[in-house]
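I open this notebook to record what I looked up in the structure shown below.

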Amino acid sequence: MENRNRMWTCIFLSALGLNICQAAEEGNSTQMYYAKLIIDRSALENISEILKPFVNDPSLYVDNLKITTICMDKSDSKQCNCRQGHRWSDDVCQSKQMCCGSAECSFPKEETAAPCILNTTVAITGSMNLVGVKFQGCLADQNSPNYENCKKDLLEKMKEVYSTLTGFDSLTITGFRTGSIIVDFAMSIASGVNSQDLIKKSQNLSDNLEASLSLETTGVIRLHMPPNPVCYNTATSLRCLSQEKLTAQLVWQLKKPNGDFDITNGSVSTVLISESVTEVKLLRVSELWAGEYSCVDHQQSKLTTISHKASAEMDVCLLPEIHVSTQPGFPRCKTSSDILHVRVKCEVKKSREEYNVMWNEKDITKRPREDGGETYDFTADKVVLCGVQSETTNLSCTFTNRCNQTRSAEVPIHVIYFNDPFCPADKDWEETKVGSTAQLTCKNAAGQRQRKCSQSMGKGVWEEEISACVNNELNRVLQNALIADIGLGTLDRNAAQVFSGLKNVTNDSPTINSFANINAAVNVLTTLKDKLTHINEASTAEDLLDSSSNLLEKSLESSWKSLAAGNNSLAGDYLSSVERLIQLANITNRSTKKNIEVDTCNGTDDTCYNCVFNVTVSLGNSGGRLVKTAGFQHLKSYLPYNETDDIPNSIVVSTVTEKPTHIKIIIDFQLLKPRARNVPITCVFWNNSSKHWSDNGCVWVGPDNAGRCICDHLSSFAILMSKYPVDVPGLTLITYVGVSVSIVSLVISLVVELVIWRVVVKTNTLYLRHTAHVNISMCLLVADCCFVASSKPEKISVTWCQIFAVGMHFCYLSMFFWMLCLSSTLLHQAIFLFHKVSKKNYLRFSIVLGYAVPLLIVFITFVTNQSGKEGLYFSKDTCWLVYSALLKGSIHTFIIPVGMIVFINVFSMLVVIMKLLDHHQNPENTHEKDKAAAKTVVRTVILLTPIFGVTWIFGFALMLIDLTSGPVAFAVNYAFTLLNSFQGLFILLTTILGDKTIREALLNYLKKTPPASTSDSTAKSDSTWKK
């Protein structure tokens, strides 16, 4: 025969005989023999007859002779083909991937071609863990007789069992390991294996040797892969076919350089399992799905574990993320005739993909690919003529992969032409054209830094730098969060790893102290909030709370409030994400972190109580459901609010439960700052839709329990306190009008007193009464002037504010003490009708009581409050005394004396009225006395009621009623303001115009006529006192 008719033929012989190996099991032992023959094609039909003379042992016979492989010589290689029903072995597939799945394979001429094996051939690798010391010799030196005997004895015992498997081919011990005695072995079954039979034999071996076995088979399951390479972002599928029925323990795995991943149902992958076929469907293939796939079906029985496995590699065509830049970033023409050389760069991450890179212009100089460490840099040189102006010159680079898929990126060249405005170089920043934004790659971090060049007064001006640099470790955590649910690994496991990584990276606050890092960390939480449906592991929940607490560290406050953020919803996203994740987490007990505390309640009563950071939450109608309450430190300052009018005055508290219905939640907050008097509080919740605080469904209980809120829904709650007290409409206008009228009235009163003094003051009683009136008017006038001068405290100095406070304190007190002098005069006159007091002594008494006593009170108050210190003696906001609480504050040195005087005045008025009406003791002249008494009572009531009592009864009520209490407080304020601000007018009306004698004297003065003499009734009414 000619050489072309000659071929290499690998013959697969199956020889069965009873005497090859003494089998301990029922059935014959088998042994496989292999031969390579060079024969003529015509001899193939008679090969069995030809081989029979070579078999001399009568216990052996040749059976089922098959041709597995046919090889033919080529010029420089051997071309081999597997016959039908055969395939290349796993060793060939690993060394020559192009042969795997194909019947044809080429081998070097000098290399021995590997034979094909039956499709049903099963390779088994395993390990056996022996108990006891019977085979201790197998751990001896490999060259020692002890080792050889032990290995031989053990191999025979193993073959006695496994050789009875149908199609048994070979069994070899590949090594021994310590950890008791661990035996590694490899076995081949030529014609397939039954799993139950293999388990049975292995269990028998386990019983015989007192050992446990772990086996892994190759060939029971066949993996069908798509042709390599798989195109980027396309859909594909992988199928595993089993010779037997698949179990529920079947798993798909992907081995990558960074670890092994179980393939599960996810957003990209779908796993389907039927009786003997399992399939993985991938919607979008990317570099994440490249690697070695394994399909593993696990079976276990007592001490034997068997894993049926099939593996194959999937190669994926990649498309890169392209980062473009120019050098220089903004080439500048110093003259219109300059010629600039600009280097354009397209940078991609290193990978196995060999891209074909094309540029869109021919008039450029391409440069060889450069190695940038972790990147490949493709560059080209471009010539720019400064005399030819254009807005931008754009180049583009196009990357083509092995599947002929392309991705392009434009590289704009921003030229600063002659006389164009630009920003000069500043540290890291190169010269930049006006209106453009310079970009720099972050050093040792992910992301970019940006800085815009703006124009001002015809020149370029740099704006503030905006950094998007993210800590590399944090960026990896974020990327892992984004792909947590694609199907590479279980979502629970991936989420646990993400939370663990987030906790580790946020533990080091200085490394994440920027808005970009805080934003990335919040994105991690937001991403997992959208992907997860539960968090069962307690360790995962703890990592969640640790990382969330770390983000609220006080040292990170500036990062949360970064002006460059432009994102008021960042803290809101954090709150809604953590609130949802806590709801999903398996948290059943109190958990306290530095900045987050979680309390739970699962009571059977109708009401559930939780307490976090001293904030108590009471939830009615809980229905036995698990209620979780979380408190967040510092978060209140990061959530947007109306900074003009309000300030947050509590921590943020979130309460969640499952399927809430008919909720009534009572929250008792601890106020961070004491609520000032008359300052309203608003109970609010965070509205995730509007990204703002809202008070819908929440009410504030009131000033009696300033920290309590009641709401009818669950959410995240807080307290906003107004910066300003409640504004009573029109009160300021009434005050200024009233005080102005009072000042004018008091001036008129004093002028009238001066004009008619000699005419009216005819007796000692009238002298004393008019003296008190003049002093009262003087004190009230000075006090009102101080009030007007201090009406705008923000526009005067602290010193002047203090002076005005002292002045009003003294003058108002003096006014009341002079009122006390007047009432004392009236009381003395009514009781001691015939007791004569000299005018001089009474005047001394009045001056001491009217001026000395108030001065002493003011002096003591001033000294005991650290020499009139702001905040203790007076308030800079009001230029008046300080009210801290009941019986606390300098205001009480005014209130208490005034209260005592009002009481005495009212008492005096009642005594005088009773005396004047009591006419039974003096029956003579009853008619005349009754008439005089009636006149005195009427004049006394008109005089004393508005001045002595009514005004400050309302004033005392103001100390007890808060303006936030509602309409009653408003009514009291209006009443007090009207009475108090118009006191000067009341004095004018009662003491001047209300006195007939004064009216007549004034009219006579105005008519330039002598005043009329006082009437007898007046003289009688004002009984004569001795000087």
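How far is the sulfur of Cys-786 from the closest cysteine sulfur? I found 5.8 Å, to Cys-811, which is too far for a bond, since a disulfide is a pair of cysteine sulfur atoms within 2.5 Å. I noted that Cys-786 has 12% relative accessibility and therefore counts as buried (buried: under 20% relative accessible area, exposed: over 50%, partly exposed: in between, with a 1.4 Å probe and protein chains only).

I recorded the basis of these values: the model is predicted, local features need pLDDT of at least 70, side-chain atom pairs count only at pLDDT 80 or more, and totals for chains, interfaces and linings use all residues. Residues are numbered from 1 along each chain as its sequence is written, and side-chain values use heavy atoms, with hydrogens and water left out.

I then turned to the disulfides, of which the structure holds twelve. One of them joins Cys-333 and Cys-386, with the sulfur atoms 1.9 Å apart. The link is left-handed, with -85° about the S-S bond. This pair links distant parts of the chain, 53 residues apart. I found both Cys-333 and Cys-386 buried.

I also looked up Cys-71 and Cys-80, whose sulfur atoms lie 2.1 Å apart in a disulfide. Their link is right-handed, with 115° about the S-S bond, and both residues are buried.

A further disulfide joins Cys-99 to Cys-105, S to S 1.9 Å. I noted a right-handed link here, with 70° about the S-S bond; both Cys-99 and Cys-105 are buried.

Terms used. Helix = DSSP H or I, 4+ residues; strand = E, 2+ residues; numbered from the N terminus.
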